Amino acid sequence: MKKLITAVVCLGLMIGTVASAGTDVGADIKAFQSYFKKQNPSVDFADYTIGVYALDEGSREQFEEILDGIPPYEEAVERGGEEFEKFGLGKCAALKDPAAARLAHPYYDDAAGTVVTLEGTIRKCYTEQTGKKMGTMKGKIARISSWISDQAAGEKINVKVESDGAKAAYERGKATFYAKRGQFNMSCADCHVYNSGKKARADILSPALGHTSHVPMYRAKWGGIGTLHRRYGGCYKNMRAKPLMAQSSEYRDMELFHQAMSNGIEISADRYRK
């Protein structure tokens with residue numbers, strides 16, 4: 001426990017120092033990933049793409065058994081591909097190459113002054129092609145986003161944070177990730193960095209490293225596929241805090257930071273989670 005506390009303090013000091021001296025995304029990523037490597041020396045870096053299943057042998061066996069059969073999300077993802085074609089989403093320049101689209105998001109749009117997520121681009125394109133609005137957390141948006149993500153499976157996450165505007169958004173996202181909130185006065189990092197691998201009741205807390213490699217995700221708890229922002233909302237509820245709106249600026253900024261921390265991790269089509 002003493003070693004854990006020391007590591008947490010060192011990571012916090014590193015983040016605080018970087019923020020005060022100016023944004024250094026590379027240093028943040030190195031510190032973030034090094035923390036997990038030190039905490040879990042027997043876990044291969046590439047295995048963080050399977051999240052909590054990389055930390056627990058029993059859970060991993062169950063996960064692999066599910067994938068060996070017909071994964072519960074397979075039909076929905078196939079339907080997402082059909083919907084991509086049906087709604088003419090490939091006609092939009094940003095989605096013409098689905099694999100490239102997955103790799104390009106999230107990114108900071110300097111002209112618009114905001115972070116653009118893949119789901120945000122899908123929703124915009126859908127409205128342009130159909131004249132209708134699309135939801136933000138489940139249903140069509142999750143199915144289509146999953147199918148697009150699958151086209152880039154095996155490629156590595158490589159979020160770029162370069163302009164001053166992007167760095168400011170990244171810093172806001174980082175602040176949201178580490179901020180205490182809710183009745184439990186907890187942050188995203190409390191569960192998924194500092195206490196990852198430990199149990200919260202019957203569940204093992206997943207590591208934040210690799211979280212965004214398999215989104216949107218299928219959760220047995222949901223009985224379907226949901227977006228990353230749906231998962232953010234669930235975490236807020238677990239902390240007894242009021243969830244923000246999916247695709248809010250706060251969630252989009254946090255997604256930019258969150259994905260950047262997993263740079264170098266492969267995108268996975270194995271999106272099942274408990």
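Residues are numbered from 1 along each chain as its sequence is written, and side-chain values use heavy atoms, with hydrogens and water left out. Because the model is predicted, local features need pLDDT of at least 70 and side-chain atom pairs count only at pLDDT 80 or more, while totals for chains, interfaces and linings use all residues.

**Cavities**

A search of the whole structure finds two cavities of 30 Å³ or more. A cavity is a set of points, on a 1 Å grid over the protein atoms alone, where a 1.4 Å probe fits but cannot get out; its lining residues have an atom within 4 Å of a point. The volume is the space filled by probe spheres set on the points, which are joined across faces, edges and corners.

| Cavity | Volume | Lining residues |
|---|---|---|
| Largest | about 80 Å³ | R102, H105, L118, E119, S145, V215, P216, L228, E255 and Q259 |

For the largest cavity, the elements that give two or more residues to the lining are α6 (118–130) and α11 (249–260). Helices are DSSP runs of H or I with at least four residues, strands are runs of E with at least two, and both are numbered from the N terminus.

**Helix α10**

Helix α10 (residues 228–238) is largely enclosed by the rest of the structure, because eight of its 11 residues are buried (under 20% relative accessible area, 1.4 Å probe, protein chains only). These buried residues are L228, H229, R230, R231, Y232, G233, C235 and Y236. They pack against α8 (164–178), α9 (188–194), β5 (217–219), β6 (224–226) and α11. Just after α10, R240 takes a positive phi of about 60 degrees.

**Helices α8 and α11**

The axes of α8 and α11, lines fitted to C-alpha atoms over the stretch in contact, come within 7 Å and cross at roughly 85 degrees. Helix α8 is therefore roughly perpendicular to α11 (angles of 65 to 115 degrees, on a scale from 0 to 180 degrees between N-to-C directions). Contact (heavy atoms within 4.5 Å) is made by A166, A169, Y170, R172, G173, K174, T176, F177 and Y178 of α8 with D253, M254, L256, F257, H258 and A260 of α11. The contact residues divide into nine nonpolar, three polar and three charged.

Technical notes. On a 1 Å grid over the protein atoms alone, a cavity is a set of points where a 1.4 Å probe fits but cannot get out, and a pocket is an open set with protein on both sides within 12 Å along at least five of seven lines; lining residues have an atom within 4 Å of a point. Buried means under 20% relative accessible area, exposed over 50%, partly exposed in between (1.4 Å probe, protein chains only). Angles under 35 degrees count as roughly parallel, over 145 as roughly antiparallel, 65 to 115 as roughly perpendicular and the rest as oblique. Ala, Val, Leu, Ile, Met, Phe, Trp, Tyr, Cys and Pro count as nonpolar, Asp, Glu, Lys and Arg as charged, and the others, Gly among them, as polar.
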